[in-house]
Structures are given as C-alpha cells and as structure tokens.
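Open the model in your viewer and keep the selection panel at hand. The stops below say what to pick next and what is there.

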Amino acid sequence: NVISSRWVYARKVDECGKLLRLKARLCARGFSQVPGEDFGETFAPTGTLRVLRAMLAEASGRSDITTHQWDCTSAFLHSDIDGDLYMEPPAGISIPDGKVWKLRKGVYGLKQAGKLYYDLVHSVLVGLGCVQCTDVDDCLFILREGDNWVKILVYVDDYAVTTNSPELYARLWTGVSAAFDITDYGQLGLFLGIKISRGSDYTITLDQSHYVDILMKRFDVP
C-alpha cells in the first residue's frame, strides 16, 4: 500500500494574535492507510486541563515557583517509524517513474504518529529521571530531588512546566533539548488556547480572550 500525501498550511500567532510565522507541513493522508498492514496501536494520551489548573494554582502567589512553556518543532518527525511504510511525494516533487518514498520518521497525518511521538517523549523523560504520574495523569512527569522538583505536563508537542528549582530545571532542560529540537518560550503565556497572565504579586489568571477573538474573526463578528 502506498499512502498519499498533501501540503497543509497554517498561521502561527502569539497570545496577542500577532503573526509569528507561516507554516507549511507535508502530511500523510492517514485515511489511505490499511489497518493491520500499515498500523497497529494508535492511542496516545494528552494532558488534561484539570492538571494544568492544579499546577498553576500551586504556583499562584508564590515567587519561588516559575512557569515555562516548551514547544517541540516538527514533533512527530523525531520518532522512528514502526514498520515499512511508503508514501507518494506531493505534486511538484519529481522522482523516477515507478518509485515512491519509504518513510523513516513518523510523518504528520499517519494514524500511529501520535503514539510514536508519545512513546519517544516518555522514554526521554523517564531516562532523565522523571517519574510518570500514572495515578494522576499519564502525561504528567515529575523530576524530584529532595525538596526540589520540576513538573512537566505534555500535550502532544506543547509542554507546560513548573519548578521551584532553577538548578534542577536547567539540568533537565539540557537533557531534553539534546533529545529534541525544542524551544523554551519562557513564562507560560498561551497554552491550548488559554491565555495565562501572571501579575506583579505572582497571582495567575486564566482567560480565553484569544480564542474568542479567533472565533469572532472566523465568523466575521464585528
């Protein structure tokens, strides 16, 4: 079976709606995959908002706890493919007749791409000493040394991080950034469509004004 492909375009904006960059991504058309032949398990967990709110509630009003926002660039492309998969190149790419591409990485759009990436993230974080909090959320990982800790909530390629130890955080960040092409955007600002603001007294407020603005523009509301 040869999987078809297509280009997908998107606009990346910040919490104020300012355009950061234009994105183009080559995706596999996963609906053309054959179950049992091209993929097996596809389930991958994602972090829950209740855990995010709990992490922010713990940090609210405390100067000793800082927040960080990570974003993994081209996340799915970091994971190795789990079998022999073949894909047609998109229009505009010339290859010899009768030839197709053999995939080596988990291309976006594949049925199993999310699971492959989550398995990789799990192995990297656990390998760095983090403990997966399966009794709370499969996407919550904690690195702890004595009274110092770093908490990481994973939502596909977005990470919400809180910590009370700059030294422990720096050590973890060194390991994570060596494994992935990942960016630390500093203090949490916009996560899963939620605008997160921290005041001078370290209190934290959440609102969805950014998401409302997107909906208003989408439906042409003046």
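**Stop 1: helix H1**

Select glycine 61: this residue follows H1 and has a positive phi, near 80°. Helices (H or I, at least four residues) and strands (E, at least two) are DSSP runs, numbered from the N terminus. This is a predicted model, where local features need pLDDT of at least 70, side-chain atom pairs count only at pLDDT 80 or more, and totals for chains, interfaces and linings use all residues. Residues are numbered from 1 along each chain as its sequence is written, and side-chain values use heavy atoms, with hydrogens and water left out.

Now step back to H1 itself, residues 49-59. Color Val51, Leu52, Met55, Leu56 and Ala59: they are buried (under 20% relative accessible area; exposed is over 50%, partly exposed in between; 1.4 Å probe, protein chains only). Look down the axis: the buried residues of H1 fall within an arc of 135°, so they line one face of the helix. The arc is taken from the directions from the helix axis to the C-beta atoms. An α-helix has 3.6 residues a turn, so residues three or four places apart point the same way. Then turn to the other side of H1, where Arg50 and Ala57 are exposed.

**Stop 2: aromatic rings**

How many aromatic pairs does the structure hold? There are six. Rings of Phe, Tyr and Trp (its six-membered ring) pair if their centres lie within 6.5 Å; planes under 30 degrees apart count as stacked, over 60 as edge-to-face and the rest as tilted.

Select Trp70 and Tyr159. Their pair is tilted, at 5.7 Å centre to centre and 45° between the planes. Tryptophan 70 lies in strand S4 (residues 66-72) and tyrosine 159 in strand S10 (residues 158-163), so the pair ties together parts 89 residues apart in sequence. Tryptophan 70 counts as buried at 0% relative accessibility, and tyrosine 159 counts as buried at 1%.

**Stop 3: charges over rings**

Here NZ of Lys or CZ of Arg must be within 6 Å of the ring centre and within 35 degrees of the ring normal. Pick arginine 25: its charged end sits over the ring of tyrosine 108, 3.8 Å from the ring centre. Next, pick lysine 151. Its charged end sits over the ring of tryptophan 149, 4.5 Å from the ring centre.
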